[in-house]
Amino acid sequence: MNDFVLQEIKRIWSSYDGWKMSPTKKGAGYDTLVTLERSNNGHKEITRVLVLFKKDVTLDMLDDLTRPEPVFDGSRPRYDYAVIVPGNADTSALPKDLKVFVMKSFAFEGKELIWLKKPVRKTEEPVKKKA
């Protein structure tokens with residue numbers, strides 16, 4: 001997974017809050033399924049995040065996201081689901097209650113996926129006095 005996307009996930013689900021991340025590569029591209037887990041007030045919380053680098057996001061792409069995982073310790077975890085997509089991606093086919101986050105590092109410009117760099121600060125050079 002791209003380091004910039006990993007940073008964005010860590011900003012939303014911080015390890016400071018107890019989240020432990022385990023990414024799983026999905027297919028041959030950069031698409032990744034990330035499972036985040038933490039224990040909060042005696043309950044196990046599991047958030048599954050699907051990172052997609054596609055222009056059009058459809059419902060069939062969410063099959064891996066909502067597939068239940070077996071729990072072996074007898075507890076009943078609380079599940080949450082989210083999707084992270086590049087800017088200008090079409091997410092109109094997704095359910096309204098699904099959390100959709102937009103990447104700050106990547107966006108679509110037309111049909112091309114581009115990397116959004118931070119603007120470079122230009123500093124003015126000091127004016128030299130004539131002696």
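Is Phe 53 buried or exposed? In this predicted model, Phe 53 has a relative accessibility of 15% and therefore counts as buried, the limit being 20%. Its surroundings involve Asp 31 and two further aromatic residues, which are described in turn below.

Asp 31 belongs to the loop that runs between strand 1 (20-25) and strand 2 (32-40). With a relative accessibility of 8%, Asp 31 is likewise assigned to the buried class, because this value is under 20%. A polar atom of the Asp 31 side chain lies 3.0 Å from the backbone nitrogen of Phe 53. The side chain of Asp 31 also makes a polar contact with the side chain of Lys 54, at 2.7 Å. When neighbours within four places in sequence are set aside, the residues in contact with Asp 31 are Lys 25, Lys 26, Val 51, Leu 52, Phe 53 and Lys 54.

Aromatic pairs number 5 in the structure. One of them is formed by Tyr 30 and Phe 53, whose ring centres are 6.1 Å apart and whose planes stand at 65 degrees, an edge-to-face arrangement. This pair connects distant parts of the chain: Tyr 30 lies in the loop between strand 1 and strand 2, while Phe 53 lies in the loop between strand 3 and strand 4, 23 residues apart. Tyr 30 is exposed, at 58% relative accessible area, whereas Phe 53 is buried. Through ring pairs, Tyr 30, Phe 53 and Phe 106 are joined into a cluster.

A further pair consists of Tyr 79 and Tyr 81, with ring centres 6.3 Å apart; their planes meet at 5 degrees, so the pair is classed as stacked. Both residues are partly exposed, Tyr 79 with a relative accessibility of 31% and Tyr 81 with a relative accessible area of 24%.

Helix 1 spans residues 3-12, and Val 5, Glu 8 and Ile 9 are buried within this element. Viewed down the helix axis, the buried residues of helix 1 fall within an arc of 100 degrees and so line one face. Asp 3 and Arg 11, both exposed, are carried on the face turned away from the buried side. The buried residues of helix 1 pack against strand 1, strand 2, strand 3 (43-51), strand 4 (78-87) and strand 5 (99-109).

Definitions and conventions: Residues numbered from 1 in each chain as written. Predicted model: local features only at pLDDT ≥ 70, side-chain atom pairs only at ≥ 80, totals over all residues. Heavy atoms only, no water. Helix = DSSP H or I, 4+ residues; strand = E, 2+ residues; numbered from the N terminus. Buried < 20%, exposed > 50% of the residue type's maximum accessible area, 1.4 Å probe, protein only. Polar contact = N/O pair within 3.5 Å; in protein donor to acceptor, adjacent residues only side chain to side chain. Contact = heavy atoms within 4.5 Å. Arc of directions from axis to C-beta. Phe/Tyr/Trp six-rings, centres within 6.5 Å; stacked < 30°, edge-to-face > 60°.
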